[in-house]
2 protein chains.
Amino acid sequence: MTKPIDFYFDFSSPYGYIASHRIDAIAAKHDRSVIWRPYLMGVVFKINGRRPLPDQPLVGEYACRDFARSARLYGIPFKMPDRLPISGVAPSRAYYWLDDKDSEQAKALARALFSAYFVDNKDISDPEQVAGVAASLGIDGIAVTAALQDPAVKERLRKETDDAIARGVFGSPFILVDEEPFWGNDRLDQVDRWLATGGW
Amino acid sequence: MTKPIDFYFDFSSPYGYIASHRIDAIAAKHDRSVIWRPYLMGVVFKINGRRPLPDQPLVGEYACRDFARSARLYGIPFKMPDRLPISGVAPSRAYYWLDDKDSEQAKALARALFSAYFVDNKDISDPEQVAGVAASLGIDGIAVTAALQDPAVKERLRKETDDAIARGVFGSPFILVDEEPFWGNDRLDQVDRWLATGGW
């Protein structure tokens with residue numbers, strides 16, 4: 001087993017959601033594991049002045065069409081949420097809190113949170129919704145709610161976001177394969193090829 | 001022969017250049033022709049506030065790496081020009097002037113201009129360079145230079161740019177297949193699939 005690949009995403013990102021359905025299977029084909037690393041793209045937007053795609057004139061309408069078309073292409077359920085983007089703070093903190101205890105269960109929670117938002121139109125920026133999703137997986141909702149305000153958990157998310165930016169990460173999804181950067185769900189075929197060939 | 005597909009690009013766009021090497025072959029597989037439509041992305045940037053990728057903090061370094069990596073993936077010669085972006089006014093006007101006379105020759109000129117910029121590092125925003133590239137194809141350089149100041153040619157490029165934006169075009173490359181929009185060199189595999197299947 002070689003070095004895991006890093007999968008960065010923001011919980012509010014449709015392309016991050018789509019990639020979350022694909023990345024583990026691609027890595028597994030090449031005997032690689034994946035570390036999921038939610039972070040806050042809002043911090044990036046403050047640095048580079050970009051805005052979320054749906055908010056950009058001309059781009060917005062296309063982006064919404066492309067989110068749905070990309071999901072259909074891969075057979076992934078998708079419904080545009082009423083609100084997008086939303087803050088990824090609560091779901092990301094819940095993820096890292098659980099990741100310290102059980103990284104596989106944390107991934108399961110991340111998948112369930114993504115589904116709640118991009119299939120069931122639940123506003124996962126709301127701590128109550130996060131606790132509810134966690135509870136549906138048998139995770140103690142009260143402990144989750146407490147964790148969202150835990151200084152150590154807050155610091156973990158801050159550090160993950162800072163570390164991401166320090167490594168050159170700026171989008172969602174953003175994948176690092178042995179430090180080679182790939183930005184976008186539309187680079188996953190290249191990730192697959194890079195893992196197979198070691199580069200070109 | 002069904003309706004041609006529209007291939008929009010800016011002469012200063014690396015991904016537009018890469019797509020110019022691929023689009024005609026993809027269309028030909030499905031018995032479709034391609035109308036090449038250079039336009040001025042600077043006009044789009046004024047509307048939506050985006051900036052060229054290399055100028056964006058965090059994004060710039062990745063973008064330059066990805067331009068070269070994408071070109072290598074498809075075996076397309078590429079050398080990052082010293083200046084990017086540049087104005088596409090002169091090469092676009094030359095293209096449309098020639099397109100009125102001979103659209104195939106106009107495509108040949110567009111390919112030669114792209115090569116001059118993205119392989120030989122010639123600044124094709126310079127009318128003299130455009131005339132020189134045209135002359136290398138046996139096109140009268142003096143006529144080209146005159147055409148660049150022809151009011152009708154100027155108007156044609158303005159109209160093409162306005163029409164592009166009115167059709168929802170905002171990036172480079174940007175492909176319309178029976179009005180279905182695809183943004184980016186990384187959507188060409190989807191263009192191929194859309195042409196084969198009629199959509200999904």
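# How the two chains meet, and what lies inside

In this predicted model, 100% of the interface residues of chain B are also interface residues in chain A, so the copies meet through the same surface.

User: Which residues lie nearest the centre of the second largest pocket?

Analyst: They come from both chains: Y74(A), D186(A), D189(A), D186(B) and D189(B). The lining counts 24 residues. The pocket has a volume of about 440 Å³.

User: Which helices each supply at least two residues of that lining?

Analyst: α4 (59-73) and α10 (188-197) do so, in chain A and in chain B.

User: What covers the buried residues of α10(A)?

Analyst: The cover includes β1 (5-9), α1 (14-20), α2 (23-29), β3 (174-177) and β4 (180-183) of chain A. It also includes α4 of chain B. The buried residues themselves are L188(A), Q190(A), V191(A), D192(A), W194(A) and L195(A). Just after the helix, G198(A) takes a positive phi of about 80°.

User: Why is N185(B) called buried?

Analyst: Buried means under 20% relative accessible area. N185(B) has 5% relative accessibility, so N185(B) counts as buried. Its place is in the loop between β4 (180-183) and α10 of chain B.

User: How do you know that the side chain of N185(B) makes a polar contact with the side chain of R22(B)?

Analyst: The cut-off for such a pair of N or O atoms is 3.5 Å. Here the distance is 2.9 Å. Not counting residues up to four places away in sequence, N185(B) touches R22(B) and also Y15(B), I18(B), A19(B), Y74(B) and P173(B).

User: How do you know that the reach of helix α6 of chain B is close to the expected value?

Analyst: Compare two values. The helix covers residues 103-118, which is 16 residues. From first C-alpha to last, α6(B) reaches 22 Å, and 22 Å is expected at 1.5 Å a residue. At its start, a side-chain oxygen of D102(B) comes to within 3.1 Å of the backbone nitrogen of E104(B).

User: Which elements do the buried residues of α6(B) pack against?

Analyst: They pack against β1 (5-9), α1 (14-20), α2 (23-29), β2 (34-38), α5 (89-99) and α7 (127-136) of chain B. Among those buried residues are L109(B), A112(B), F114(B) and Y117(B).

User: Why does A112(B) count as buried?

Analyst: Set its value against the limit. Buried means under 20%. A112(B) has 19% relative accessibility, so A112(B) counts as buried. Leaving aside neighbours within four places in sequence, A112(B) is in contact with V133(B) and L137(B). The C-alpha atoms of A112(B) and A134(B) are separated by 8.1 Å, and the two residues are 22 residues apart along the chain.

User: What makes E160(B) count as buried?

Analyst: The limit of under 20% applies again. E160(B) is at 8% relative accessibility and therefore counts as buried. E160(B) lies in helix α9 (residues 151-166) of chain B. Neighbours within four places in sequence aside, E160(B) is in contact with R37(B), P38(B) and Y96(B).

Terms used: Residues numbered from 1 in each chain as written. Chains lettered and ligands numbered in written order. Predicted model: local features only at pLDDT ≥ 70, side-chain atom pairs only at ≥ 80, totals over all residues. Heavy atoms only, no water. Helix = DSSP H or I, 4+ residues; strand = E, 2+ residues; numbered from the N terminus. Expected span 1.5 Å × (residues − 1). Buried < 20%, exposed > 50% of the residue type's maximum accessible area, 1.4 Å probe, protein only. Contact = heavy atoms within 4.5 Å. Polar contact = N/O pair within 3.5 Å; in protein donor to acceptor, adjacent residues only side chain to side chain. 1 Å grid on protein atoms, 1.4 Å probe; cavity = no way out; pocket = protein on both sides within 12 Å on 5 of 7 lines; lining within 4 Å. Points joined across faces, edges and corners; volume = space filled by probe spheres on them.
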